[in-house]
Amino acid sequence: MAELVLAAATPHNPLLWRAMRDPMPDDLAGVAANFARFRRSFAEHDVDVVVVIGTDHLRQFSYDHSPAFVVGKAESYHGTWENEVRTFGMDYVELEGHRELADEITGRRVQPEAIDFSVSLEWRLDHSFVIPLQYVRPELDVPVVPIHTNASMPPVPSVRRFIALGEHVRSAVAGWDSDARVALLTSGHMANDVGGPRTFAGSPDPDFDRAAAAWMRDGDLDGAIAVCSDFDRLLDAGCMTYQYLNAVAALAAMGGRPADFADVTESRFASSPFFLWETR
C-alpha cells in the first residue's frame with residue numbers, strides 16, 4: 001500500500017519570490033533556511049507524488065462559485081497567473097497531475113463518508129500552490145494532486161472539516177493499492193492581515209501565533225479546535241488568518257502527533273509558518 005511519508009506546512013507569500021534573493025536580506029535568512037530544510041526532507045524521503053493543499057485567491061474559484069473543498073483531477077496544471085508574474089516576478093510553470101491518487105481521494109463512484117469534494121478537470125494554479133512547490137521541490141518533477149480549501153470567503157468550513165480533510169487524505173493514501181511514497185504539502189498563514197491596516201507591520205496578533213505554534217509543536221488538536229472554531233477570533237487576528245487551518249489539516253493527517261520541526265519565523269512580512277512531520 002502507499003505510504004504518507006511526510007507532511008509539511010509552509011508560507012506561500014508571493015512577495016518572497018521577489019525579495020528572497022542573494023545577497024539574502026538578514027530578515028529573510030531564517031525563511032530561506034527553513035525552506036532549504038524542507039527541500040532536503042522532500043529529497044531524502046524519495047517522494048513519488050505530492051498532495052498540495054492551498055487556497056485559491058479568487059482566481060479559479062470566486063464569489064459566484066465557491067466550493068469548500070476541490071480536488072484536481074487534471075492530467076496537468078498550468079501556473080501561475082499574469083498578475084503574479086507581473087507583480088511578484090514569478091515564473092510560469094507546468095506541473096504533472098496524478099489522476100489515480102486524485103480518484104482515491106475523491107472516490108471513484110461515491111463520495112467518501114467523511115467529507116464532500118468538488119472536482120476540477122481544468123485548473124490553473126495560483127501562488128498558494130506554486131510558491132511552496134518551487135521552494136521544496138524546485139525541479140517540479142513530481143506529480144501533484146492539488147486540493148483547494150475555501151479559507152478566505154465566508155462562509156468558510158469549520159476547523160473540524162479541515163481535520164476531516166487531513167484524516168481523509170491519510171486514509172485514502174493508506175488504502176491506495178500502490179507502492180508510492182506520498183507527501184502532503186500545505187500552505188497558508190499565521191496571523192495575517194493581507195491588505196488590511198496591519199499589513200507588513202509585524203505579526204498582527206503575536207498571542208495567536210504563539211498559541212498556534214504550540215498546537216503544532218505539542219500535537220494539540222483540541223487546542224486548535226477550541227480557538228479556531230471561533231470565526232471572530234480568527235478575524236481579530238487578521239483577515240487572512242483563516243488559512244492557518246491548512247496547517248491544521250496537516251496535523252490531522254499525521255494523526256495529531258507533535259511536529260518534528262516547528263518554527264514561526266519573523267520577517268518584514270509578519271510571521272511565516274514552518275511545520276514538518278517526518279517518518280524517518
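Axes are lines fitted to C-alpha atoms, for helices over the stretch in contact, and angles run from 0 to 180 degrees between N-to-C directions. The model shown in these views is predicted.

**View A. Contact of helices α6 and α8 in the predicted model.** The axes of α6 (residues 159-174) and α8 (residues 221-228) come within 9 Å and cross at roughly 145°. On the α6 side the contact is made by Val-159, Arg-160 and Ile-163, while α8 contributes Leu-221, Ala-224, Ile-225 and Cys-228. Sorted by class, this contact holds six nonpolar residues and one charged residue, with no polar ones.

**View B. The open, mixed sheet of three strands, ordered β5-β4-β7.** Because β5 (93-96) and β7 (124-125) stand at the edges with a single partner strand each, one side of each is left without a neighbour in the sheet. Strand β4 (residues 76-79) pairs with β7 in the parallel sense over two bridges, and Gly-79 stands opposite Leu-125 in β7. Helix α5 (residues 127-136) packs on this sheet, where it touches β4, β5 and β7, and its direction makes about 85° with that of β5.

**View C. The open, mixed sheet of eight strands, ordered β6-β3-β8-β2-β9-β1-β11-β10.** Its edge strands, β6 (118-120) and β10 (261-267), each pair on one side only, and neighbouring strands are turned by 20° against each other on average, direction ignored. Strand β3 (residues 69-72) and strand β8 (residues 144-149) pair in the antiparallel sense over three bridges, with Phe-69 opposite Thr-149 in β8.

**View D. Helices α2 and α5 against strands of the eight-stranded sheet.** Helix α2 (residues 29-44) packs on the sheet, touching β1 (3-11), β2 (49-54), β9 (181-188), β10 and β11 (270-278), and its direction makes about 20° with that of β11. Helix α5 lies across β1, β2, β8 and β9, running at about 135° to β2.

Methods. Residues are numbered from 1 along each chain as its sequence is written. This is a predicted model: local features need pLDDT of at least 70, side-chain atom pairs count only at pLDDT 80 or more; totals for chains, interfaces and linings use all residues. Side-chain values use heavy atoms; hydrogens and water are left out. Helices (H or I, at least four residues) and strands (E, at least two) are DSSP runs, numbered from the N terminus. Contact means heavy atoms within 4.5 Å. Ala, Val, Leu, Ile, Met, Phe, Trp, Tyr, Cys and Pro count as nonpolar, Asp, Glu, Lys and Arg as charged, and the others, Gly among them, as polar. Two strands pair if DSSP finds at least two bridges between them.
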